[in-house]
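Here are my notes on the fold you sent over. Please read them with the structure open.

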Amino acid sequence: MTTPDAAYQLAQVNIGRLKAPLDSPQLKDFVDNLDPVNADADAADGFVWRLESDSGNATDVPVLGDEWLIINMSVWRDSGALTAYMYQGRHREMLARRREFFERVQEAMVVLWWVPAGHRPTVAEAEQRLLHLRANGPTPYAFTLRTSFPAQGAEPVPLAVPDDLGCSV
């Protein structure tokens with residue numbers, strides 16, 4: 001779904017619970033691919049912004065008060081730009097390997113929402129949206145790729161996500 005209203009952009013956050021410490025041999029491939037995957041995102045059509053600390057990524061940014069969780073948060077022109085990036089190249093390869101690096105969690109770990117163009121969401125805002133999704137399911141306030149809403153929050157808009165790669169929520 002693209003938004004014809006350039007007054008809005010799509011924010012996304014995904015959180016993962018690590019299976020091991022970031023400096024462990026088990027997570028070496030994940031850590032080694034962080035910079036290249038982030039560089040691909042930065043250069044992708046429709047990319048607007050991503051959360052990063054002084055390290056150049058967000059692996060050391062605390063989220064939900066759990067030291068085993070890491071956060072990825074970004075803003076995109078629209079869901080078409082986000083999914084085009086997610087399901088191709090290096091990111092798709094790493095996404096397909098996510099079970100090597102992250103625990104399988106039953107609750108929602110990915111949420112999307114519309115923000116005014118130029119707005120940079122905070123971690124607190126992302127946590128609030130994720131907790132809202134967990135409590136209420138997809139709504140115009142907090143939704144998923146599978147059940148998305150237009151920027152004005154009207155009716156749900158279905159989006160095809162490959163079964164082997166998408167969020168289960």
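This is a predicted model: local features need pLDDT of at least 70, side-chain atom pairs count only at pLDDT 80 or more; totals for chains, interfaces and linings use all residues.

The points below cover the sheet, the helices on it and the nonpolar cores.

1. Sheet order. Four strands form an open sheet. The order is E2-E3-E1-E4, and the pairing is antiparallel. Strand E2 (47-50) and strand E4 (110-116) stand at the edges. Each has a single partner strand, so one side of each is left without a neighbour in the sheet. On average, neighbouring strands are turned by 25° against each other, direction ignored.

2. The E1–E4 pair. Strand E1 covers residues 8-17. Seven bridges join E1 to E4, and the two run antiparallel. Tyr8 stands opposite Pro116 in E4.

3. Helices on the sheet. Helix H1 (residues 28-43) packs on the sheet and touches E2 and strand E3 (69-76). The direction of H1 makes about 140° with that of E2. Helix H5 (residues 123-136) also packs on the sheet, where H5 touches E1, E3 and E4. The direction of H5 makes about 125° with that of E4.

4. Largest core. The largest nonpolar core has 27 residues. Phe30, Trp76, Leu82 and Tyr85 touch the most other members. At least two residues of this core come from each of H1, E3, helix H2 (79-86), helix H3 (89-96) and E4.

5. Phe30 up close. Which residues does Phe30 contact, leaving aside its neighbours within four places in sequence? They are Leu22, Ile70, Met94, Phe101 and Phe102.

6. Second core. A separate core holds 22 residues. Among them are Val13, Ile15, Val61 and Ala142.

Definitions and conventions
Residues are numbered from 1 along each chain as its sequence is written. Side-chain values use heavy atoms; hydrogens and water are left out. Two strands pair if DSSP finds at least two bridges between them. Axes are lines fitted to C-alpha atoms, for helices over the stretch in contact, and angles run from 0 to 180 degrees between N-to-C directions. Contact means heavy atoms within 4.5 Å. A nonpolar core is a set of buried Ala, Val, Leu, Ile, Met, Phe, Trp, Tyr and Cys residues joined through side-chain atoms within 4.5 Å. Buried means under 20% relative accessible area, exposed over 50%, partly exposed in between (1.4 Å probe, protein chains only).
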